[in-house]
Amino acid sequence: MKHYSVFILLFFIFLIGCEEKPESTVESGVSLELAKSRKEIISDINYQLLFLIPQSKKQPVEGKVKIHFRLTSNEEDLIIDFNANLENVKTVILNSKKKKYRFENGHIIIPGENLNEGENHIEIEFIAGDNALNRNENFLFTLFVPDRASTVFPCFDQPDLKATYDLKLNIPGSWIAVSNGAVLEVDNKTNSKIYKFKKSPLISTYHFAFAVGEFKKLTRTKNGRTINMYHRETNKEKIKLSTEDIFNLHFSAIDWMENYTGIPYPFNKLDFVSIPSFPFAGMEHVDAIFYRESKLFLSESATLEDKLSRATMINHETSHMWFGDLVTMKWFDDVWLKEIFSSFLPTKMVEPIFPEINQKLNFINTHFPRAYLIDRTVGSNPIKQKLDNLKYAGTLYGKIIYDKAPIVLAKLEQLISKDSLQEGLKEYLNRYEYGNADWSDLIRILDKKTDINLSDWSKTWIEQAGMPHVSCKYSLSDDKISSFSILQDDIYKKNRLWEQNIEVIHSKDGKVTRYPVFLDANEQIVKELEQADKPDYILLNGGGFGYGYFELDSFSRNFLLNNVCEINDAEIRAITYITLYEDLLNYKITPLDFITSISCSLEKESEKQNIPLLLNNLRKTWWYFLDTKARSDLSFNIENLLFTLIERKNDNEIKALIYKTLSSIFVSKASTEKFYDIWKNQKQLYGLKLSETDYTNLAYELIVRDHKDHQFIELEQLARIKSVDKKKRMEFVLPAVSVDERTRDQFFDSLKYYENRQNETWVRTALYYLNHPLRAKQSIKYLKPSLEMLGEIQRTGDIFFPKNWLVYTVGRYNSTEAAGIVTEFLEENPDYNENLKAKILQFSDLLFRAEEFEGN
């Protein structure tokens, strides 16, 4: 009987045309070695794709693909990526004949002997994997970055094997569809319709995309260019307030990029899709950008920061049509190469849109604190990272790419001039258009435009992690500076040196004098400061564009801590806020003194752009570096200050900024009841009109504080929400906010199953409350299991999910016990994936610093 069963199994394998080997010959994912070998022999790729998408999420999505390609050699087996189960492969037909194949570690392997040198085509029927299909009840959208196309359909899933796509979608009759190609025709059936799209441009697999479902379509035309928007927003006020701004921002972004690059919009059309709970702010699919709905449609209470963020996001994604889409990196180790330009250029693009904004100040306040958040940690990574397999490409993303990289590009522009950088980028785009390039290709072009050795510069700023520690020492004689030196130190004691331009500020009695200095040594004497008056303060990074930890000397620190709110220059105040916060994190300032300084600054700060920076520093210090007693002792003063500021400010945008902070940090009973009254009666707060989202978030905040009417709050807020999508979101989050600990335990246990983590923005919100500092004593039991799940989160989640998972688990704690759990986990897993280990160290950095404060 045993032999008969084996025979049946072998016969079944023969029938499906698949032979299996006892040992795997190809690793899972797409290795760098595999990618290089395929690039050498495969070209002229076209995918003819059909997906049959049912109405019900419970039914599988079936598909057919016909891959046309040229092969220069058939000496090796052909490896096609399909990261699904063997059962998902239904048939494989090679050059119109059924041939044997192997299925190993997410790959369909075709014996080389069956392939032609020259033209080939492979037809595969399959059941699509669901992971990257993001299926919802009334809509579906794909998200294939960086290597997830192969989880849905068989393909060559690497960025330098660009292809064209001929797509057909069979969808429910009430749905509509959008993809990279324009709609060619729609064939309406009884209960379904078939969309046929024009051939797409030449694109990478991670740029291929489609969305289907119950969307509304809006169209605008300007100067002969037509743009379509697909959305599910139901709030009429938001639609009215936002629609024209959204379209105009896209039109202006295209115009700006065409002028800057000298290259007309490089593709055939531009559609964009607004998606509820889209995992990213945006994704630059060629001709079909996807956005998160809440980032596009703003309410009446939206702040200047919200509007600027939306404009920056649209400029970012639109600029990707040139940087990333027209020219794509060869391998994902250069993913930063597309992001650096799409993070740097939008700071220029928003200037004409927001003339009232100080763009230098915006750049400083936006990028430097975010970059330091990672670069100050022991888990910091260089801008350009190593990548041996695409399955780990998602771990490369983060604030170093999005925030340090644009700072470094600004330094490069300063070194070689704006014109030289622009001309170099034009040459780069023209030379590699519709193809692939890497950092060395760009450096070779820019090297010809300067006498500076950019390869050496790149090794310092692009290829190594971390930042310098810059300090000063000076002596006084007769109330004059007799000697002044700037010291540069490597935080990690690797004897590295960061060459850069800085601007030192000397201030005395309100008079500011600036001294440009080029840092190129471990110790530099600045003779220009000799015989200057004894200063009230010295600010080493007075220009704001120096990068590193610029430690204040003790006299300057004490003066600025007590007097920064009196400084007239808004840029100097911002630089000082950043510098003082770094001193706090390096234990030069106590949290209580820092809070006192922030309080004074919040009362007197006149520059709207600086207020988010102050409020962010307040929130972090409040939850990380103060214990329960300190928060309780300070709550009366801090909460009253913020309520008073909301009442006094005439600018509703400033009111909204302060409200968002106050509603997230209040701990007193008086404030709790005041907010309950506002929520229950849907009141305005001193003239500030709250949105539905504001009331929903306030409901969460009241419940997490164990308000006695928590059950009423849950039911009433759910009843108020009219949008189906938003109601489902709240229903998902509520168990994580629940007053009942067992309910919260059950919710956390549910996250161990992939199907309960698919909507990652919902999970992020739920984790924020599940691990709230006010419930830290009960929720700390989730910390070790959360760390143990990280590998699975990385394998199944989108690129930002591992980071967000850590931010809202590890990143919510500040106790010695929590620090011990993280340390123990790392010690128990010495061979843990290096990139994931680095992420843990990055997002537990404030936890360990908080432990240090606790110990002191």
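Select helix H16 (628–648), for this helix gives four residues to the lining of the largest pocket, the largest share that comes from any element. Keep in mind as you look around that this is a predicted model. The pocket itself has a volume of about 1100 Å³, and among the 37 residues that line it, those closest to its centre are Asp-627, Thr-628, Arg-631, Pro-773 and Leu-774. If you now colour the lining of the largest pocket by class, you will find 16 nonpolar, nine polar and 12 charged residues.

Next, move to the second largest pocket, where about 830 Å³ of space lies. Which residues lie nearest its centre? Select Asn-83, Asn-131, Thr-151, Arg-795 and Thr-796, which hold that place among the 40 residues of the lining of the second largest pocket. Then select helix H26 (residues 790–796), from which the largest share of this lining comes, namely four residues. By class, the lining of the second largest pocket divides into 13 nonpolar, 19 polar and eight charged residues.

The remaining stops concern the backbone. Most residues other than glycine have a negative phi, and most peptide bonds are trans, so the following places are worth a careful look when read against that general rule.

Select Ser-96, which you will find in the loop between strand S4 (89–94) and strand S5 (97–98). Although Ser-96 is not a glycine, its phi is positive, at about 70°. Is Ser-96 buried or exposed? Ser-96 counts as exposed because its relative accessibility is 55%, and exposed means over 50%.

Go on to Asp-479, in the loop between strand S22 (468–477) and strand S23 (480–490). Here too the residue is other than glycine and the phi is positive, with a value near 60°. Asp-479 is exposed, because its relative accessible area is 54%.

For the last stop, select Val-145 together with Pro-146, and look at the peptide bond that joins them, which is cis, with an omega of about -5°. Pro-146 belongs to the loop between strand S9 (139–141) and strand S10 (163–172).

Definitions and conventions
Residues numbered from 1 in each chain as written. Predicted model: local features only at pLDDT ≥ 70, side-chain atom pairs only at ≥ 80, totals over all residues. Heavy atoms only, no water. Helix = DSSP H or I, 4+ residues; strand = E, 2+ residues; numbered from the N terminus. Buried < 20%, exposed > 50% of the residue type's maximum accessible area, 1.4 Å probe, protein only. 1 Å grid on protein atoms, 1.4 Å probe; cavity = no way out; pocket = protein on both sides within 12 Å on 5 of 7 lines; lining within 4 Å. Points joined across faces, edges and corners; volume = space filled by probe spheres on them. Nonpolar A, V, L, I, M, F, W, Y, C, P; charged D, E, K, R; others polar.
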